[in-house]
Every structure is written in structure tokens, then in C-alpha cells.
Amino acid sequence: MKYIDEYRDPVLAQKIVEELHRIQTRPWVIMEVCGGQTHSIVKHGIDYLLPKGVELVHGPGCPVCVTPLDMIDKAHAIARRPEVIFCSFGDMLRVPGSQDDLFTIRSQGGDVRVVYSPLDCLKIARDHPDKQVVFFAIGFETTTPANAMLVWQAHEAGLKNVSILTSHVLVPPALEAILQSPHNRVQGFLGPGHVCAVMGYSQYEPISARYRVPIVISGFEPIDILQGTLMVVRQLESGRAEVENQYSRVLNREGNRPAQDVVANVFEVSDRTWRGVGTIPGSGYRLRSEFAAYDAERVFDIHDINTLEPSNCISGEILRGIKKPHDCPAFATECNPQHPLGATMVSAEGACAAYYTYGRHLSMDRERLVTISTGGGA
Amino acid sequence: MCLAIPGKVLSEYVQGSMRMAKVKFGGIVREVCLEYVPEAQVGDFVLVHVGFAISRVDPEEAERTYQLLQEMDQLGELDEPEFGEIATHAAKGGGS
């Protein structure tokens, strides 16, 4: 496919890897922010291609992972109601709450539907005027415009039987939370390409300047990630700390203004709790008061639900780049994608789930893989 | 979750008050909302996330980046050139 295949070119990848080896003189720790980037890195073994001194740690950019357990329990409480058609993106269905997951609720008679687009909920609501259609609106800035458009269109059309359960989160406050931690190891970021397609990257400039940290907004294909890493390492090696844009075929500094406008009309910034991390001020969105009629938490009067996370899960430290999946004694033993203990195992884009899916729990050691990938010459 | 895929706009239509399009991804055609990318035209590639085009893929920028990477061998011999210089170099050398 155009704009995909050419960014998986192994010859080009090798050139970038050679250049990285040539310029890197000191150890550096770089965080890729997005779960999609983490997945691509682990799937393609990109971290094994890098010089030993360039370590990638995995960031908090997996919205399914960071959706708090009490919010998942709220979703399940709503989905169990007989008058509700509960709509969600597919990746939320098998995320376990305190009792069940959405698949189980569906098997017990709940009307739980997977939608391709939030707009699908409009048709479902029109086709079922006797039902309440609830959409589980999760996601980072990439997804917010789509969910905002659902609310906007429902409002325009006067649909009274649509609401959303909002769990929207924002990337920049999370990066600041990581950088402010006394345990922080991160020296540079691969920034979130699709978040910035919507928001642009001017928000990252004060963070880069304040914390003296390079941020390179990067795409998701192997060549994008390798080139982004090269751009970060170039900055680190030369003592620069700037925001650069690797993903210029898709985004610019300003981002998508029409999308930003609709989001600003429908949502306002609020504090949010991140699973595994805790509450981060100003790190999410809630519906504006004029759209309260579309807020599922008000429509169904869902009370706060007390939840307890397993104490042996280290996902909070993994999401902040302090630890890696292998550092957890529960990884791939009592914690696996079928029985996840916490945030980073619940979604395919979580670092633990990606490590598990691509066989890293089989303790292949890095040295051996490097030897294989370079034909035994390393 | 933030997965977004480039696809080619085949045709446009209006649904309710929204500008929509048929967009082709490899062999699959899907309905996509174009409200957020008003500049997109039939024949353009758009980046699509959960049924919404969020960006028009810029063919010139894609070519520029690609040329820049193709020139990597020569890059190693230059002393940390600025990106603008590389782009100029690539444009001159590549004749694109």
C-alpha cells in the first residue's frame, strides 16, 4: 500500500541503523510515547537493531491501558442495563473490569456492539428509538475529534437517546509528569505522530525547552521510528533540545484546525486519573456543561465505584519508562493477556502485551538476536 | 488505538450535514468523514482514524523525506548539515 510499503524498506532501515551506530558516542534513553509505536518497535524488533547504548523505553500512550479500572466498571454497569445498546471500539471488549469483561456481558444478554466509527452510533440510535445508545469514548487527542463529532451531530439532529462515557486523556501533561519524576530516566522522546496530526506540535515546544529534552514527532512505520530515533540521537549528541517533525508528510506545527475547533466546542480540559499512574491535573477532557445531556455518567447516575488494583503490578513504572516488562516477576507468569494484572497487559498496544505477543517472554537474549540479525558478524 | 491508515479518496458525497467519501485502503473501500480535511479532493491520500480523515498526506513532503533518507550515504560524509540544506541537496541531486 502506498505510504506504507516504502516505510518498511529494509535497505533504507539498514542505512539509518548504520548512521546511528556511526554518530552515537554515549548511552541515551529515549521514550516512544505512543502504544502504536511500541507495538511497531516490538513487532519489527527495531530495538534490537539499535546500538547497545540507545535504549527505547515505552511510554503511556495507550488509551485502553490507561483507562482507569473504575471507569471500566462504570462501562460494565451501564452495558448490563436492559434498555442500553453499549457501543465501543473493539479493543475495549476484552479488558477485564473488577467482575467481567464486555464479551461476558454480551454473552449474558447485554447488547454490546463494536463500532468502526463513533458515527455508527447515530444510525443505531435512529434505528432503535426505544433504546439508549451509549458510546465508550476513550482515546487520546487523535480520537477526540471523532467522538466530539458524534456528540455534535447528535445535538444537531436532536437525538435524545445518545450519550457517551468519557475517558479522554491528553499527552503533554503526561510527558511533564514523567519528566518531573525524581526517578525519570528519559532523555528524549519520539513524539506522538497521530496526536500531533490533530493538535500540531507547538504544545511540545515549552516542554522541550523547560526540561531540555529533544522531542521528535514521529510516525509509526519502521523507517519512521528509526529516522525519529536518529533525529533524537543527533540532538542529544550535539547538545540540542528542540521539537522536530519527522512525520512531515502527515502533520505540521498547527495541526488540524477544523478538528481542534469541534473538540473545543464540545469538550473542556479536566483532571483525569490514569490507570497505573494516578491523577494528573489538566490531563483529559470532559463534556462542556451545555452538552451534559450527552454525558452517560449523568444520564445513568453512575456512582463512584471503588476498585482495587493488584499490588504486585508495576505497570505505573513501566508507563513512565522507569522499568520494563522483564523487570516484573509477574510478567508472563501470573500476568498474561488472558489474565492481565494491570494497565500495560490489558491492550495489545501495552508494553507488556506487546512483549508477550512477540515472544519476548521466551527470554531470548538480546545478544543472540543481534548476532542473528547481523549475520553473525557483530 | 491511535492507528491511522492512509487511503485514496475515490468519490465524495454528503450525508446529513457531513461531507463524506469512499476511501480505498489496498483492496478495501470504506466510508470516511471528510469534515476535518476540507481541502481533500478525489485522488488525494488521506490519513484515516476511526472513520475520520484527520490529515491529507502531502506527497511532496513524503518525497522530500524519502529522498533525504536515500541520500543517507552522502550524509555521513557531511558534518551534521542542517535539515534545510539536506532538502535542498536532495531536491537538486534527485531532480524530483
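**Chain B, overall**

I started with chain B and counted three helices and five strands. The model is predicted, and I kept that in mind for each entry. I then looked up burial: of the 96 residues in chain B, 31% are buried. For contacts in chain B with a separation of 6 or more, I noted that 27% are between residues 24 or more positions apart.

**Where chain B meets chain A**

I asked how many residues of each chain are in contact with the other. The count is 33 residues of chain B and 46 residues of chain A. Next I looked up which elements of chain B supply at least two residues each to the side that touches chain A. They are β4 (45-49), β5 (52-56), α1 (59-70) and α2 (72-75) of chain B. Of the elements, α1(B) gives the most, with five residues. I also sorted this side of chain B by class and found 20 nonpolar, eight polar and five charged residues.

**Sheet in chain A**

I turned to chain A and traced an open sheet of six strands. I wrote down its order as β4-β3-β5-β6-β11-β10 (chain A), and the pairing is mixed. Which strands stand at the edges? They are β4 (111-114) and β10 (267-274) of chain A. Each has a single partner strand, so one side of each has no neighbour in the sheet. I noted an average twist of 25° from one strand to the next.

I checked one pair inside this order. Strand β6 (residues 162-169) and strand β11 (residues 278-287) of chain A run antiparallel and are joined by two bridges. In this pair I found Val169(A) opposite Gly284(A) of β11(A).

I then looked for what packs on the sheet and recorded helix α7 (residues 120-127) of chain A. Helix α7 touches β3 (84-88), β4, β5 (132-139) and β6 of chain A. I noted that the direction of this helix makes about 170° with that of β5(A).

**Helix α9 of chain A**

My last entry concerns helix α9 (residues 171-180) of chain A. Is this helix mostly covered or mostly exposed? I found it mostly covered, with seven of its 10 residues buried. The buried residues in α9(A) are Val171(A), Pro172(A), Pro173(A), Ala174(A), Leu175(A), Ala177(A) and Ile178(A).

Notes:
Residues are numbered from 1 along each chain as its sequence is written. Chains are lettered from A and ligands numbered from 1 in the order in which they are written. This is a predicted model: local features need pLDDT of at least 70, side-chain atom pairs count only at pLDDT 80 or more; totals for chains, interfaces and linings use all residues. Two residues are in contact if their C-beta atoms, placed from the backbone, lie within 7 Å. Helices (H or I, at least four residues) and strands (E, at least two) are DSSP runs, numbered from the N terminus. Ala, Val, Leu, Ile, Met, Phe, Trp, Tyr, Cys and Pro count as nonpolar, Asp, Glu, Lys and Arg as charged, and the others, Gly among them, as polar. A residue is buried if 20 or more other C-beta atoms lie within 10 Å of its own, exposed if 12 or fewer, and partly exposed in between; C-beta atoms are placed from the backbone. Two strands pair if DSSP finds at least two bridges between them. Axes are lines fitted to C-alpha atoms, for helices over the stretch in contact, and angles run from 0 to 180 degrees between N-to-C directions.
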